[in-house]
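The following note sets out numbered remarks on the model shown below. Please read them alongside the sequence and the coordinates.

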Amino acid sequence: MQKHKMAMKSMGPPKVEVPSPKDFLKKHSKEKTLPPKKMFDRNEPRKPPVPLRTDHPVMGIQSEKNFVNTNAADVIMGVAKKPKPIYVDKRTGDKHDLETSGLVPKYINKKDYGVTPEYICKRNEEVKKAQEEYDNYIQENLRKAAMKRLSDEEREAVLQGLKKNWEEVHKEFQSLSVFIDSIPKKIRKQKLEEEMKQLEHDISIIEKHKIIYIANK
């Protein structure tokens, strides 16, 4: 029983801070405090005074501008406002904005349409420069290691030879008997399969890589 007994599982923590007797709730302690009172002055004006009976507005001020002629000249000399292009897609006459619909060839009429961005040209130049540096590094290492690069004619000849060997092995594999009931037949079949698999692997490598280097022994 003492082993499985856990702390603070029966009656709460053994030590609790007892509140101070001075911090008791007092009357009206949670009520909101009001702003201080302000003395009301009855004589303080709240609105502008009413004009006197003897006050008269300013009269006789007239403008010499001819508004009729000015408006007519503005209309005649002004540029006519073009109507907003719209399109109707239903028989009920629902109108929509034509510019934001995607029906107007907006982007192909730009001056820079179809032009390669400057940052892409810069990145292509950097990639080309890095490739040239890598090729020069490889060439230098190959010269140091005394390696020889196969020409296109030699590569094609090797590839055709491998394909011819694969055809011969494949022809010999097809000439096997249907029933493999002896151990020598099984060994021969496995040997031919391994040779065909190795030839296919070599052919795929040579076809995948156009540049091949061989070490001079």
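1. Helices (H or I, at least four residues) and strands (E, at least two) are DSSP runs, numbered from the N terminus, and the expected span of a helix is 1.5 Å times one less than its number of residues. Helix 3, with 23 residues, reaches 33 Å from its first C-alpha to its last, close to the 33 Å expected at 1.5 Å a residue.

2. This is a predicted model, in which local features need pLDDT of at least 70 and side-chain atom pairs count only at pLDDT 80 or more, while totals for chains, interfaces and linings use all residues. Residues are numbered from 1 along each chain as its sequence is written, and side-chain values use heavy atoms, with hydrogens and water left out.

3. In helix 3 the buried residues (under 20% relative accessible area; exposed is over 50%, partly exposed in between; 1.4 Å probe, protein chains only) are Arg-155, Leu-159, Leu-162 and Val-169. Their cover includes helix 4. Val-169 is in contact (heavy atoms within 4.5 Å) with Leu-192, Glu-195, Met-196 and Leu-199, leaving aside residues up to four places away in sequence.

4. A nonpolar core is a set of buried Ala, Val, Leu, Ile, Met, Phe, Trp, Tyr and Cys residues joined through side-chain atoms within 4.5 Å. The largest one has 10 residues, including Leu-150, Leu-162, Val-169, Met-196 and Ile-212. Helix 3 (152–174) and helix 4 (183–208) each supply at least two residues of this core, and the largest share, 5 residues, comes from helix 4.

5. There are 3 salt bridges, a salt bridge being a side-chain nitrogen of Lys or Arg within 4 Å of a carboxyl oxygen of Asp or Glu. Lys-163 pairs with Glu-207, with the closest N and O atoms 3.4 Å apart; Lys-163 lies in helix 3 and Glu-207 in helix 4, so this pair ties together parts that are 44 residues apart in sequence. Glu-172 and Arg-188 form another salt bridge, at 1.9 Å from N to O. That pair also links helix 3 with helix 4, across 16 residues.

6. The side chains of Lys-90 and Asp-94 also meet in a salt bridge, at 4.0 Å from N to O. Lys-90 is exposed, at 52% relative accessible area, whereas Asp-94 is partly exposed, at 30%.

7. Pro-36 is found in the segment before helix 1 (67–77). Because its relative accessible area is 76%, Pro-36 is exposed. Pro-36 and Pro-83 are 47 residues apart in sequence and 64 Å apart in space, C-alpha to C-alpha.
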